[in-house]
Amino acid sequence: MAKITLGMWTSHGPTLSTTPQEWLMRVKADQNRPSHPFRLKNYSFDELRDLRRSEDLAEQASLDQRTIRHGRCMTAISKMADIWNDVKPDVAIIMGNDQKEIFNDEMIPAFTVFSGDTLYNEPASAEQISMMAPGIHEAEDGHNPSEYTEYPGQPELGRLIIEQATKEGFDVAQMTKLPKHEKHWSSGVGHAFGYIYRQVMRDKVVPNVPIIANTFFPPNQPTAKRCFEFGRMVGRAIKGWDSDLTVAIIGSGGMSHFVIDEDLDNLFMKALESRNADVLTNLDEGYFQTGTSELKNWISAAGVMFETSLQGEMIDYVPCYRSEAGTGTANGFVCWR
Ligand SMILES: [Fe+2]
């Protein structure tokens with residue numbers, strides 16, 4: 001029987017792969033976004049700045065603070081990679097989401113399981129770079145290799161998960177090859193997965209099964225409850241896998257962004273630590289909007305990990321503010337083994 005030997009939850013966004021100076025490149029987009037979801041309401045950038053004036057966020061977004069917090073993130077991710085290297089799992093299941101890198105507006109499945117032999121990633125072309133918003137290409141090195149690179153899938157396990165899902169009433173999409181779109185801003189596997197390949201596995205990528213949930217784009221996002229149940233189902237698929245291999249489960253994304261909500265993140269971290277599925281799955285769906293929706297990948301991974309006897313620690317939690325309105329990304333790193 002295959003054995004789960006490692007569980008990891010990590011953020012994966014651009015603040016981890018750009019300099020503290022470059023973080024500010026995203027502020028213009030924050031200012032121009034007409035509506036920011038925050039604590040179940042929607043605000044303009046200026047409204048948020050006024051609402052959060054007492055929190056001293058300008059100071060927390062100063063270059064000094066950005067530099068300190070960026071450093072803490074680098075230490076945390078490098079610790080995660082060291083742990084990965086110590087445990088050396090044979091196989092990984094990566095719960096991630098797609099931000100119209102793999103899919104585009106024409107089709108966005110709720111859950112997709114990759115069951116092919118080979119994945120790939122590559123640097124963006126000049127044409128693709130010209131289609132990116134400011135501050136996105138600058139983060140590319142964090143998740144894209146410097147040349148076209150192929151990575152191994154784990155078709156046997158991917159297929160088993162699809163069969164288990166179907167048996168249990170989850171109608172998942174099956175993917176055996178990454179699609180290629182003409183004139184699309186991104187190609188390859190997408191940052192939720194590429195970040196794990198590069199930063200956690202340090203380019204020594206083990207055979208893996210990406211599971212792509214549509215956390216971001218209405219109206220077919222699976223609910224938090226559904227993600228948790230989906231994770232439990234994946235756990236049962238692994239239990240039924242007649243294999244001597246060891247398996248790592250990774251939840252990729254989060255925490256609160258593009259408006260940071262430390263109260264929400266604290267609540268979430270505590271629920272994870274205490275294996276409290278009720279808290280994770282009963283949070284109002286309104287919290288899981290835009291980037292914060294990626295916490296659903298953490299919930300899917302928790303669905304697997306809560307059924308194991310593995311335990312661990314929060315490596316760090318670092319709210320990386322870039323503006324006085326509280327925009328930025330809160331980065332979280334957790335590891336159980
Ligand atoms: Fe993301």
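This is a predicted model: local features need pLDDT of at least 70, side-chain atom pairs count only at pLDDT 80 or more; totals for chains, interfaces and linings use all residues.
Let me begin with helix H6, residues 155–167, and helix H8, residues 224–239. Their axes come within 9 Å and cross at roughly 125 degrees, which makes H6 oblique to H8. The crossing of H6 over H8 is right-handed. Which residues meet there? From H6 they are Leu160, Ile161, Gln164 and Ala165, and from H8 they are Met233, Val234, Arg236 and Ala237. Sorted by class, this contact of H6 with H8 holds 6 nonpolar residues, 1 polar residue and 1 charged residue.

Helix H8 has another partner, helix H11, which covers residues 295–305. Here the axes come within 6 Å, and the crossing angle is roughly 40 degrees. H8 and H11 are therefore oblique to each other, and their crossing is right-handed. On the H8 side, the contact is formed by Ala224, Cys227, Phe228, Gly231, Arg232, Val234, Gly235 and Ile238. H11 contributes Lys296, Ile299, Ser300, Ala302, Gly303 and Val304. The classes in this contact are 8 nonpolar, 4 polar and 2 charged residues. Please note Val234 in particular: this residue of H8 meets H6, and it also takes part in the contact with H11.

The next pair is helix H4, residues 63–87, with helix H7. Their axes come within 9 Å and cross at roughly 75 degrees, so H4 and H7 are roughly perpendicular to each other. Ile77, Ala81 and Trp84 of H4 make the contact with Tyr195, Gln199 and Val200 of H7. In this contact of H4 with H7 we find 5 nonpolar residues, 1 polar residue and no charged residue.

I turn now to the metal site. Which residues coordinate the iron ion? They are His12 and His191, each through NE2, Gln99 through OE1, and Glu294 through OE, at 2.1 to 2.3 Å. What is the arrangement of the 4 donor atoms around the iron ion? It is irregular, because the angles they subtend run from 81 to 157 degrees. For reference, the ideal angle for four tetrahedral donors is 109.5 degrees. Along the chain, the donors follow the spacing H-x86-Q-x91-H-x102-E.

Finally, the backbone. Most residues other than glycine have a negative phi, and most peptide bonds are trans. Where does this model depart from that pattern? The bond from Pro218 to Pro219 is cis, with omega near 5 degrees. Pro219 lies in the loop between strand S9 (208–213) and H8. Gly254 and Met255 are also joined by a cis peptide bond, with omega about -10 degrees. Met255 is found in the loop between strand S10 (246–252) and strand S11 (257–259).

As for phi, Asp56 is not a glycine, yet its phi is positive, at about 60 degrees. Asp56 is placed in the loop between helix H2 (45–51) and helix H3 (57–60). Asp203, likewise not a glycine, has a positive phi of about 70 degrees, and this residue lies in the loop between H7 and S9.

Note on methods
Residues are numbered from 1 along each chain as its sequence is written. Side-chain values use heavy atoms; hydrogens and water are left out. Axes are lines fitted to C-alpha atoms, for helices over the stretch in contact, and angles run from 0 to 180 degrees between N-to-C directions. Helices (H or I, at least four residues) and strands (E, at least two) are DSSP runs, numbered from the N terminus. Angles under 35 degrees count as roughly parallel, over 145 as roughly antiparallel, 65 to 115 as roughly perpendicular and the rest as oblique. A crossing is left-handed if the near helix is turned anticlockwise from the far one by less than a right angle, and right-handed if clockwise. Contact means heavy atoms within 4.5 Å. Ala, Val, Leu, Ile, Met, Phe, Trp, Tyr, Cys and Pro count as nonpolar, Asp, Glu, Lys and Arg as charged, and the others, Gly among them, as polar. Donors are N, O and S atoms within 2.8 Å of the metal (3.2 Å for Na, K and Ca); water is not among the atoms, so sites may look incomplete. Four donors count as tetrahedral if all angles lie between 85 and 135 degrees; four count as square planar and six as octahedral if opposite donors are over 155 degrees apart and all others between 65 and 115; anything else is irregular.
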